[in-house]
Amino acid sequence: MESKEIDDIDSEIASTEKPEADSIPGEEILCVENPKIIEWEELQQELARLCSLSSAHAKAKERKEFLSQQLRSVIEVRQKYLQQSNELYEMRQKLEARKLAMGEMAMQMRETKEDVKCKKEQLANSLRSLLVAGKRVCAAHEQLQEANKLVIGKMGHGNAKSLQTMLRMRQQHMITQVNSLYPVKSSNEDASKEKFDKPCAGDEVQSSLPDMTRSPTLSSLTILGQQLTAFPLKKTSFFSDKKEIQKSSIVLGYVAHVVLLVASYLDVPLRYPLRLGGSRSHICDYAPSTETATSDLIVNPVVGANAKPAEFPLFLEGQDSTRAAYAIFLLNKDLEQLLNFFGAESLGPRNILANLKELMRIIQSPEFLDK
């Protein structure tokens, strides 16, 4: 409807402007090019015609202005209409988006309801199991009370504590007798109190080997008057000191015997078992040998578990010095295990007699009965 009105207004403007373009400018051009000669008698008619034309021109201008105002108002109305239609389109899009969001929310609500329903069922099952567990706890509590009554009685905790004290006293007495058989004494009290830092586990074997060659005596401690001297790294020759080698083997045999007796009295299984033979004792290592192929262990792991332990000599005569040094290292590891059983630390991989003396001191102390 509005487009039809705009077309009518445009046609009226064109019809009003057409006479002006045909008459007035054309006449001026004719006047300029071919001047018209008017008689005096026709002057009044021409003047009247000119007046009527000027009045028609003025009316056309007024009509044109009126139509232009109407056109502007129609354009403004049209713009407002377009703006409202755009806003309406945007509102429709927002409404559709809201509908989609509401649909998703409805789906989420349904899923949430299902989850809540499942959670309720799980909670009900948990409550039932909790009730059953509560009944079991009550029954266990009653059993615990009965057990506490038994413990508090004559044959309860007090009796066990007294038996444990008697066992500790018996162990202390037996180990004291072992200490009297193999006394570890110090000829220099200042040197006996000196402690060495404990090296890293990976470097203990390597550090023990060179230190045994650098110092002639590792400590001033003796066992049964015999001092543990250093082993040379090279294999013994014809000119080696046989007496020093035999003394060291005897001392190591004494220490192995003491360690074995103390471990058996305390019921502590040694990590590296000992095979006593006096000055020809051996120590066993259950670690897999480096010569064993890894493929065999992968195919049959039982073979590695049931493999025969490697024995290392605690003496040097006729043996490889490296194997003997490793045997001393393992013997010190057994001493360290016994010290760790009482919460004490080793004094170092080079101090076998010092570790043995420290172990005897801990066992003979009054605190041993309370452990």
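**A serine and a sheet**

Author: Let's start with S249, which is buried, with a relative accessible area of 1%. Keep in mind that this is a predicted model.

Reader: Thanks! Which helix does S249 lie in?

Author: S249 lies in α6, which covers residues 242-266.

Reader: And what lies 3.0 Å from a polar atom of the S249 side chain?

Author: That is the backbone oxygen of I245.

Reader: Leaving aside neighbours within four places in sequence, what is S249 in contact with?

Author: With that exclusion, S249 touches S279, R280, L314, F315 and L316.

Reader: Switching topic: what's the strand order in the open sheet?

Author: The order is β4-β5-β6, three strands with antiparallel pairing. The edges are β4 (274-275) and β6 (310-313), each pairing on one side only.

Reader: How many bridges join β4 to β5?

Author: There are 2 bridges between β4 and β5 (residues 282-285). L274 has I283 in β5 as its bridge partner.

Reader: Nice. Which helix lies across those strands?

Author: Helix α9 (residues 321-341) lies across β4, β5 and β6, and runs at about 100 degrees to β6.

Reader: Is α9 largely enclosed or mostly exposed?

Author: Of the 21 residues of α9, 16 are buried, so α9 is largely enclosed by the rest of the structure.

Reader: What's its reach from first C-alpha to last?

Author: α9 reaches 31 Å, close to the 30 Å expected at 1.5 Å a residue.

Reader: Last one: what follows α9?

Author: G343 follows α9, and the phi of G343 is positive, near 80 degrees.

Technical notes
Residues numbered from 1 in each chain as written. Predicted model: local features only at pLDDT ≥ 70, side-chain atom pairs only at ≥ 80, totals over all residues. Heavy atoms only, no water. Pairing = 2+ DSSP bridges. Helix = DSSP H or I, 4+ residues; strand = E, 2+ residues; numbered from the N terminus. Contact = heavy atoms within 4.5 Å. Axes fitted to C-alpha atoms, helices over the stretch in contact; angles between N-to-C directions. Expected span 1.5 Å × (residues − 1). Buried < 20%, exposed > 50% of the residue type's maximum accessible area, 1.4 Å probe, protein only. Polar contact = N/O pair within 3.5 Å; in protein donor to acceptor, adjacent residues only side chain to side chain.
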